[in-house]
Amino acid sequence: MQNNKNRYFNISSLANISIQFLNYAVPIISYPYLGRVLGATAFGSMSFWLAIAGFLSVITEYGYRYSAAKLVTEGRPIIERQAVYWAAQYSRLLIFFIIFILGSAYLIFDDKYTKFYFFSVSCVLIFGSALFPAWFFIGCGRYKEMALLLAAPRFLSLLCIFIFVKNSDHVLLAVLFQSIPLLLSGILAQIFLIKKLKIQHKLPSFLEVTNVLRGGWREFISALAMSGYQTLPVIFLGFTSSAAHVASYAITEKIIQAIKSLTTALGQTIFSKNIAKNDQLSYKYFIKDNSVFFAVNMAFCVIINIFGYYSKSFLGNSYVDIVEIFAVMSLIPLVAGFSNVAGVQTLLPLGKAKVFMYATAIAGGFGILSGVLLSSFMHGIGMALGVLLAEVILACVLTLNAVKALDKKESS
């Protein structure tokens, strides 16, 4: 019983949960304030550029949280871990510079200098994402250290927002203060790894870089598809709807993702246990994990609906349809829990990355397409329905494949 309990509650899982929550804590605390002082137009613009930065950051992540993380687990030779680390990090930095050069060239040559300023500031977040080796900390199981490295810069950012952002003219500062914490964390992480973990610098060969890229492409496609229907809706709404609709959807999406990140973090911790202990991959744990996630996410669903019901009283009446958007999106963490158990905790440890990739890619594409179609006449509500439908499809497909894979494992 004690071992089962430790499967869900230990120092690593609590640290990982705090890490994931920190990714959204600053927006949750600061968004109501920013929504009032910036106004709908500026707030919508801020959300639009941060969504772009968030989507491009997934490209620099390249799915290494699940592919490269397996190559640096504790017990592997330090020389092998160093080689994987620098190959992955250099590949991520290369991806960032390609994104920055292409984006800057397009905006400058098209005389879109105002957008170039926003893009440049947003690139601070993308560069920070490329620099911070979250995948390495996950692979080594050093969640506590990762949480500490992320915490201080994020709360410093929150303080700066409340001190310096006072009106709509400060929207660029609002983007900067939400982008720079990850860059500071990335710098601190490099110092920590070199000084404390003795990860000595090694310039990777071209073959080493291409090997880690080939090893992570399936997880990359999955992560890109998953992120696509989480971040692209804000971008599409920025082109098709008013700033008020963008603002309503953006603040709801951030809060939902914050709640979802808590169970995602728990799932990542169990994932690291499953790749180390193959005997924990069984129907028994599959049902147990689903029960735990359902109970936790059901409680979150109730809390989200209560929060959404009273949202206009403290966010203001300019948030169009926000109560209805909360009602729809409150179901997303509940459904996503089944996807997490079936995909991350079962299929990936069983070596079914290809199934996971195709399922998430198809569901993500469907979510974007249906969201765009529905938002054309339902705006933020339509986009929320599209994302929810994608989550339902993904949960069904992954669960069916997980059951099939477990049945094959236990019958062999």
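**Entry 1: cysteines**

I looked up C123 and found it buried at a relative accessible area of 3%; buried means under 20% relative accessible area, exposed over 50%, and partly exposed in between, with a 1.4 Å probe and protein chains only. C301 is buried as well, with a relative accessible area of 7%. I then searched for disulfides, taking a disulfide as a pair of cysteine sulfur atoms within 2.5 Å. The count came to zero.

**Entry 2: ground rules**

I note that this is a predicted model, where local features need pLDDT of at least 70 and side-chain atom pairs count only at pLDDT 80 or more, while totals for chains, interfaces and linings use all residues. Residues are numbered from 1 along each chain as its sequence is written, and side-chain values use heavy atoms, with hydrogens and water left out.

**Entry 3: salt bridges**

I searched for salt bridges, each a side-chain nitrogen of Lys or Arg within 4 Å of a carboxyl oxygen of Asp or Glu. The structure holds two. In one, R92 is joined to E61, with the closest N and O atoms 3.7 Å apart. R92 lies in helix α3 (residues 78-109) and E61 in helix α2 (residues 11-61), so this pair ties together parts that are 31 residues apart in sequence. Helices here are DSSP runs (H or I, at least four residues), numbered from the N terminus. I checked both residues for burial: R92 is buried, and so is E61.

K202 and E208 also meet in a salt bridge, at 3.1 Å from N to O. K202 counts as partly exposed because its relative accessibility is 33%. E208, at 24% relative accessibility, counts as partly exposed too.

**Entry 4: the largest pocket**

I looked for pockets on a 1 Å grid over the protein atoms alone; a pocket is an open set of points where a 1.4 Å probe fits, with protein on both sides within 12 Å along at least five of seven lines, and lining residues have an atom within 4 Å of a point. Volume is the space filled by probe spheres set on the points, which are joined across faces, edges and corners. The largest pocket holds about 470 Å³ of space. It is lined by 18 residues, of which F48, W49, I52, K115 and F239 are the closest to its centre. Two or more lining residues come from each of α2, α3, α4 (113-131), α8 (206-240) and α9 (243-276). Helix α2 gives the largest share, six residues.

What kinds of residue make up the lining of the largest pocket? I found eleven nonpolar, five polar and two charged. Nonpolar covers Ala, Val, Leu, Ile, Met, Phe, Trp, Tyr, Cys and Pro; charged covers Asp, Glu, Lys and Arg; the others, Gly among them, are polar.

**Entry 5: aromatic pairs**

I counted rings of Phe, Tyr and Trp (its six-membered ring) as paired if their centres lie within 6.5 Å, with planes under 30 degrees apart stacked, over 60 edge-to-face and the rest tilted. The whole structure gives 19 aromatic pairs. F97 and F127 form a tilted one, at 6.5 Å centre to centre and 55 degrees between the planes. This pair links helix α3, which holds F97, to helix α4, which holds F127, 30 residues apart. F97 is partly exposed at 42%, and F127 is partly exposed at 25%.

F100 and F119 have ring centres 6.3 Å apart and planes at 10 degrees, so I noted the pair as stacked. F100 is in helix α3 and F119 in helix α4, 19 residues apart. F100 is partly exposed at 29%, whereas F119 counts as buried at 6%.

Last, I noted one aromatic cluster formed by Y85, W86, Y90, W135 and F136.
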